[in-house]
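Here is a short note for a colleague who has not seen this structure before. Please read the points with the model open.

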Amino acid sequence: MTVLSEIVSGYESKRFKFEKSESRDVLAYLMEANQLKQSDLEEEIGPQSVVSDILSGKRTLNVG
């Protein structure tokens, strides 16, 4: 790491504290931000019913 990147990293870790988020909350946020419907995620996640189960907490999102 260069000196500058160490300074920036130190600043960011003190200034910007991120709480751990549930993957379903992140998915819901990204869908809203990008104006996506559950059916729009079929190719990436699976059928609308799977996306619905993830958003409701019945299933977990596999992150790989």
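The numbered points below go from the whole chain to single residues.

1. Ground rules. This is a predicted model, where local features need pLDDT of at least 70, side-chain atom pairs count only at pLDDT 80 or more, and totals for chains, interfaces and linings use all residues. Residues are numbered from 1 along each chain as its sequence is written, and side-chain values use heavy atoms, with hydrogens and water left out.

2. Fold content. The protein has three helices and zero strands. Along the sequence the pattern reads α-α-α. Helices (H or I, at least four residues) and strands (E, at least two) are DSSP runs, numbered from the N terminus.

3. Overall shape. The radius of gyration is 17 Å, well over the 11 Å that the globule rule gives for 64 residues, so the protein is more spread out than a compact globule. That radius is taken over C-alpha atoms, and the globule rule is 2.2 Å times the number of residues to the power 0.38. Along its principal axes the C-alpha trace spans about 50 × 20 × 20 Å.

4. Surface. How much of the protein is made up of buried residues? They are 11% of the 64 residues. Buried means under 20% relative accessible area, exposed over 50%, and partly exposed in between (1.4 Å probe, protein chains only). The accessible surface comes to about 5,800 Å², and 50% of it belongs to carbon and sulfur atoms. These areas come from the Shrake-Rupley method with a 1.4 Å probe; for residues, only the protein chains shown count as cover.

5. Charges. The protein has 8 positive and 11 negative charges, and their mean positions are 7 Å apart. Lys and Arg count as positive, Asp and Glu as negative; His and the chain ends are not counted. Each charge is placed at NZ of Lys, CZ of Arg, CG of Asp or CD of Glu.

6. A search of the whole structure finds one aromatic pair. Tyr11 and Phe16 form this pair, edge-to-face, at 6.2 Å centre to centre with 80° between the planes. Rings of Phe, Tyr and Trp (its six-membered ring) pair if their centres lie within 6.5 Å; planes under 30 degrees apart count as stacked, over 60 as edge-to-face and the rest as tilted. Tyr11 is partly exposed at 49% relative accessible area. Phe16 is partly exposed too, at 43%.

7. A charge over the ring. Arg15 lies over the face of Phe16, at 5.6 Å from the ring centre. The criterion is NZ of Lys or CZ of Arg within 6 Å of the ring centre and within 35 degrees of the ring normal.

8. Lys14 lies in helix H1 and is exposed, at 70% relative accessibility. Glu22 sits in the loop between helix H1 (3-15) and H2. Glu22 is partly exposed at 49%. Glu22 and Ser56 are 34 residues apart in sequence and 12 Å apart in space, C-alpha to C-alpha.

9. The C-alpha atoms of Pro47 and Gln35, twelve residues apart along the chain, are separated by 18 Å.
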